[in-house]
Amino acid sequence: MKEFVKGQRIKLADLTSVTTIEVSIKINFTNLKTLDYSCFGVDTNNQLSDDRYFIFYNQKQSPDGSLKLLSSNVGGIERFRIALSLLPQNICKLVFTAALDDEGTMSEIKQGYLCLSSNDKEMAKFHFNGLDFSTEKAIILAELYFKEEWRFSAVGQGFSGGLRELLKHFGGEEESDS
């Protein structure tokens with residue numbers, strides 16, 4: 001298994017030839033916090049051109065089954081399954097995020113990681129902690145993106161707003177209650 005640091009990138013083919021992979025995320029805080037984990041399937045303009053490719057607690061699967069939220073934070077781990085071969089061509093980047101649904105900031109993270117696996121074998125792991133952040137309420141953890149071929153990037157970028165602001169950043173709209 002390859003360990004990644006913030007900003008590091010790799011061709012996915014250098015890790016595996018399999019096109020169905022799992023992304024697992026675990027974040028521990030110094031005090032108990034509630035987090036919303038999401039996957040944004042965005043286009044070449046870094047925009048959510050189809051809201052059905054925004055996967056989160058209230059929409060656990062894309063219409064074609066290419067993106068699935070497998071668990072609801074079982075054992076403190078959130079898991080997504082991605083079938084890259086099923087994604088429509090306009091989805092060229094998958095952005096994995098975590099947003100606080102609580103008071104506090106990401107600086108309170110004791111330890112966290114994002115792990116890529118295939119066929120139950122861990123391929124890559126990106127570790128981070130609260131020292132990487134200050135007042136942010138969300139994190140863009142990692143990206144799988146297509147540039148001639150699929151690639152992985154350990155991002156680890158703090159984001160000031162929560163889930164609502166992330167959605168707005170990627171061009172999505174929150175549904176109204178009416």
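For these notes I call a residue buried when its relative accessible area is under 20%, exposed when over 50%, and partly exposed in between, using a 1.4 Å probe and protein chains only. I am working on a predicted model, in which local features need pLDDT of at least 70 and side-chain atom pairs count only at pLDDT 80 or more, while totals for chains, interfaces and linings use all residues. Residues are numbered from 1 along each chain as its sequence is written, and side-chain values use heavy atoms, with hydrogens and water left out.

**Entry 1: the sheet**

I took helices (H or I, at least four residues) and strands (E, at least two) as DSSP runs numbered from the N terminus, and I treated two strands as paired if DSSP finds at least two bridges between them. On that basis I traced an open sheet of six strands, in the order E2-E12-E11-E8-E4-E5, with antiparallel pairing. Strand E2 (9–11) and strand E5 (54–55) are at the edges with a single partner strand each, so one side of each has no neighbour in the sheet. I then looked at E8 (residues 93–100) and E11 (residues 138–146), which pair in the antiparallel sense over seven bridges; there, Phe96 has Ala142 in E11 as its bridge partner.

**Entry 2: salt bridges**

Side chains of opposite charge can pair when their charged atoms come close. I counted a salt bridge wherever a side-chain nitrogen of Lys or Arg lies within 4 Å of a carboxyl oxygen of Asp or Glu, and this rule gives eight of them.

The salt bridge I looked up between Arg81 and Glu22 has an N to O distance of 3.5 Å. Since Arg81 belongs to strand E7 (residues 77–83) and Glu22 to strand E3 (residues 20–29), the pair ties together parts that are 59 residues apart in sequence. Arg81 is partly exposed at 35% relative accessible area, whereas Glu22 is buried at 14%. I also noted that Glu22, Arg79 and Arg81 are linked in a network of salt bridges.

**Entry 3: two further pairs**

What is the distance between the closest N and O atoms of Arg52 and Asp50? I found 2.8 Å for this salt bridge, with Arg52 partly exposed at 45% relative accessibility and Asp50 buried at 19%.

In helix H1 (residues 163–169), Lys168 and Glu165 are three residues apart, a separation of about one helical turn, and their side chains meet in a salt bridge at 3.6 Å, N to O. Here I recorded Lys168 as exposed, with a relative accessible area of 54%, and Glu165 as partly exposed, with 33%.
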